[in-house]
Amino acid sequence: MKEDLAKLYKADLEYNAANPMFSDKDDEMLGERKQGYYAKIDDQNGRKFLCHTFDNGHCYFMNPNTNKLMQFMELRPDIFLHKFVETYMANFVAANTVDAFANVTIDTQFDEVNVNKGDVAVVKFELDREEISLLMSLPAFNLPELGLKLVDGISRLCKYCSFQMFVSDADASVSDALVKAGAEPAEGEENMYEITDNFKLA
């Protein structure tokens, strides 16, 4: 069994190193970024473990002193939702050279992803992992067609991770486009819409 675990770990090490899914940034929850995985010391009931979390969701616990493999688990994809959003946004910005995205930076935490242009938030994502929902705010974005494409792409990530998705603080033109595409007004909230299966791009 331990030999099988060692083979699986070696295969993950090689595969994820050659096919990294996420950026080279460290992650506040997942740990220090390596080539295709994250490493951190985890403390469970006073016992310390070295934890390697690979981009494909495979997670290994090891003795931090000997690096001996002790346990394997497969994580749900929602653990990586903030990293999926970060990666998607980086690609979206690179593919759409509009003024709104000129010289933006992407700042990612475990429960938040911010796309900022200087001090101005262009797009903001807040993840509520207890409520299993993502709130996407568009405070400085007035491009309806591009906004719909962005919402559609993020909604696919949310669906993959079984998260509800809401959009708020959108420009009037974007809000109108969202409603026409099937976004549903959130009950009791102003300028907030839920993105359900009824949301369809024309």
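## Helix H3

The buried residues of H3 are Leu146, Gly147, Leu148, Leu150, Val151, Asp152, Gly153, Ile154, Ser155, Leu157 and Cys158; buried means under 20% relative accessible area, exposed over 50% and partly exposed in between, with a 1.4 Å probe and protein chains only. Their cover includes H2, E8, E9, E10, helix H4 (172-180) and strand E12 (192-195). Helices (H or I, at least four residues) and strands (E, at least two) are DSSP runs, numbered from the N terminus.

The 17 residues of H3 should span 24 Å at 1.5 Å a residue, and its end C-alpha atoms are 24 Å apart, which agrees. The expected span of a helix is 1.5 Å times one less than its number of residues.

## Basis of the model

This is a predicted model, in which local features need pLDDT of at least 70 and side-chain atom pairs count only at pLDDT 80 or more, while totals for chains, interfaces and linings use all residues. Residues are numbered from 1 along each chain as its sequence is written, and side-chain values use heavy atoms, with hydrogens and water left out.

## Helix H2

## The chain as a whole

The protein chain has four helices and 12 strands. Its C-alpha atoms fill a box of roughly 60 × 35 × 30 Å along the principal axes. Of its 202 residues, 44% are buried. Among contacts (heavy atoms within 4.5 Å) with a separation of 6 or more, 44% join residues 24 or more positions apart.

The chain exposes about 11,300 Å², of which carbon and sulfur atoms supply 49%; areas come from the Shrake-Rupley method with a 1.4 Å probe. The mean positions of its 20 positive and 35 negative charges are 9 Å apart. Lys and Arg count as positive and Asp and Glu as negative, without His or the chain ends, and each charge is placed at NZ of Lys, CZ of Arg, CG of Asp or CD of Glu.

Asn16 belongs to helix H1 (residues 2-18) and is buried, with a relative accessible area of 1%. A polar atom of the Asn16 side chain lies 2.9 Å from the backbone oxygen of Asp12. Beyond residues up to four places away in sequence, Asn16 touches Gln35, Gly36, Phe54, Asp55 and Asn56.

Thr53 is in strand E3 (residues 47-54) and counts as buried at 3% relative accessibility. Leaving aside neighbours within four places in sequence, Thr53 is in contact with Leu30, Tyr37, Tyr38, His58, Cys59, Leu75 and Phe80.

## Positive phi in two loops

Most residues other than glycine have a negative phi. Asn67, not a glycine, has a positive phi of about 60°. Asn67 is found in the loop between strand E4 (58-62) and strand E5 (69-74) and is partly exposed, with a relative accessible area of 47%.

At 58% relative accessibility, Ser162 counts as exposed.

Technical notes. A polar contact is a pair of N or O atoms within 3.5 Å; within protein, one must be able to donate a hydrogen and the other to accept it, and residues adjacent in sequence count only if both atoms are side-chain atoms.
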